[in-house]
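I'll take you through a few spots, starting with the rings.

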Amino acid sequence: MKVKNLQLVNYRNYINSKIEFHPEINIIIGNNAQGKTNLLESLYLLSTTRSFRVNKDSNLIMKNKNYALIEADIESNILKKLKVVIVDKGKSLFISNQRIAKNSDFIGEVNTVLFSPKDIELFSSPKSFRRKLVDLEIGKISKKYMNSLNYYQKLLKDRNILLKNKDVDFFLIDSIDEKMIENQIQIIRFRKHFIDFINSKINVYYSYLSKSKDKISMSYDCCINDFKNMNEELHIMYKENLEKDRLYKMTLNGVHREDIIFRINDQNVNDFASQGQRRMIVLSFKFAIIEYIENSIKDYPILLLDDVLSELDINVKQRLFKIISSKLQVFITTTDINEINIDANYKVYKVNNGEILKGSK
């Protein structure tokens, strides 16, 4: 999977820029606040339909403009054109000029894996942040998972509305519970498979990048304990918690309350890992995700490294570039070209106040 070119119109500080990219490594260099991260953000948005920096799409539109456009040609098994048009009231999505009604049908058409400096907050953030990250990574490769998750969230909303009523309709709640259980079984299976796969890979990357003997693992803090009898256990969960749910007027248990715990030497990373260790764990996690995607869709995602090099020592940088596959298209932002020392094909692009100068070796 490769991004052949990208056009940005009225996007952040890009008035109208179009650039052709190298199929392997693309180095985006420039001073701070010139638009390097904006460029990576636009690629991430094409992958996920959302920014990794702001919640409101309207914040992506250049000041005093009424729309923003992101458009790119993506080469995978076939060549396709992806386009996102953003206006104050929302956005429209297009694949090869065909409008796409649902975000879930657009997500993953181009698959990116992002590392940004804020990612080390993964361990100290609320559990909803880690859960949403896992949902996003699975959803990019499985529309079945995304559909189950979206339907479950709709059912959860309906159930919570019923629980707020003074006279609870138990028959209707039972009916909703049955549908929620059916979808939760699918969600739990996908999440467990994802975490099991990452666990089989993450420590290999961490050991190589850090040259440490620390052991890294992830655990699934699931709403049930017995994965072999999920249907039965979920029914028991709803039955035992119904009175408490009525008291609090909300559904207190389920996949919407789960967590993913990262551990270093069997201790919670948030309590015991240094900043340097956290950075290595996140990088290892991202490379494990790349393998998960490649294993699932038989194609490589696109790696986005936003300002990752400034916090790494020279030895880690060298090891980082060695584990990047030549089949992987990579975008790296940096303020200092001297941070880059790689034995691979690449082009350098200079970004200055939203303008991109043509790439050179």
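So, which residues form one aromatic cluster? They are Phe123, Phe194, Phe197, Phe262, Phe285 and Tyr292.

Quick housekeeping before we go on. This is a predicted model, so keep in mind that local features need pLDDT of at least 70 and side-chain atom pairs count only at pLDDT 80 or more, while totals for chains, interfaces and linings use all residues. Residues are numbered from 1 along each chain as its sequence is written, and side-chain values use heavy atoms, with hydrogens and water left out.

Back to the rings. A pair of aromatic rings is described by the distance of the centres and the angle of the planes. Here, rings of Phe, Tyr and Trp (its six-membered ring) pair if their centres lie within 6.5 Å; planes under 30 degrees apart are stacked, over 60 edge-to-face, and the rest tilted. Searching the whole structure turns up eleven aromatic pairs. One of them is Phe21 with Tyr349, edge-to-face, at 5.8 Å centre to centre and 75 degrees between the planes. That pair links distant parts of the chain: Phe21 is in the loop between β2 (14-20) and β3 (25-29), Tyr349 is in strand β14 (residues 346-352), and they are 328 residues apart. By the way, helices (H or I, at least four residues) and strands (E, at least two) are DSSP runs, numbered from the N terminus.

Are these two buried or exposed? Buried means under 20% relative accessible area, exposed means over 50%, and partly exposed is in between (1.4 Å probe, protein chains only). Phe21 has 10% relative accessibility, so it counts as buried, and Tyr349 counts as buried at 1%.

Phe262 lies in strand β10 (residues 259-264) and Phe285 in helix α7 (residues 275-297), so the pair ties together parts that are 23 residues apart in sequence. Phe262 and Phe285 are buried.

For that, NZ of Lys or CZ of Arg has to be within 6 Å of the ring centre and within 35 degrees of the ring normal. Lys83 lies over the face of Phe94, 4.9 Å from the ring centre. The charged end of Lys192 sits over the ring of Phe227, at 5.3 Å from its centre.

Now, helices. The axes of α4 (residues 170-210) and α5 (residues 230-248) come within 10 Å and cross at roughly 135 degrees. Axes are lines fitted to C-alpha atoms, for helices over the stretch in contact, with angles from 0 to 180 degrees between N-to-C directions. Under 35 degrees is roughly parallel, over 145 roughly antiparallel, 65 to 115 roughly perpendicular, and the rest oblique. So α4 and α5 are oblique to each other. As for contacts (heavy atoms within 4.5 Å), the α4 side includes Phe170 and Ile173, and the α5 side includes Met230 and Leu234.

Last stop, the backbone. Most residues other than glycine have a negative phi. Ser96, though not a glycine, has a positive phi of about 50 degrees; Ser96 is in the loop between β6 (90-95) and β7 (98-100) and is partly exposed, at 36%. Lys298 also isn't a glycine, and its phi is positive, about 60 degrees. You'll find Lys298 in the loop between α7 and β12 (302-306), exposed at 61%.
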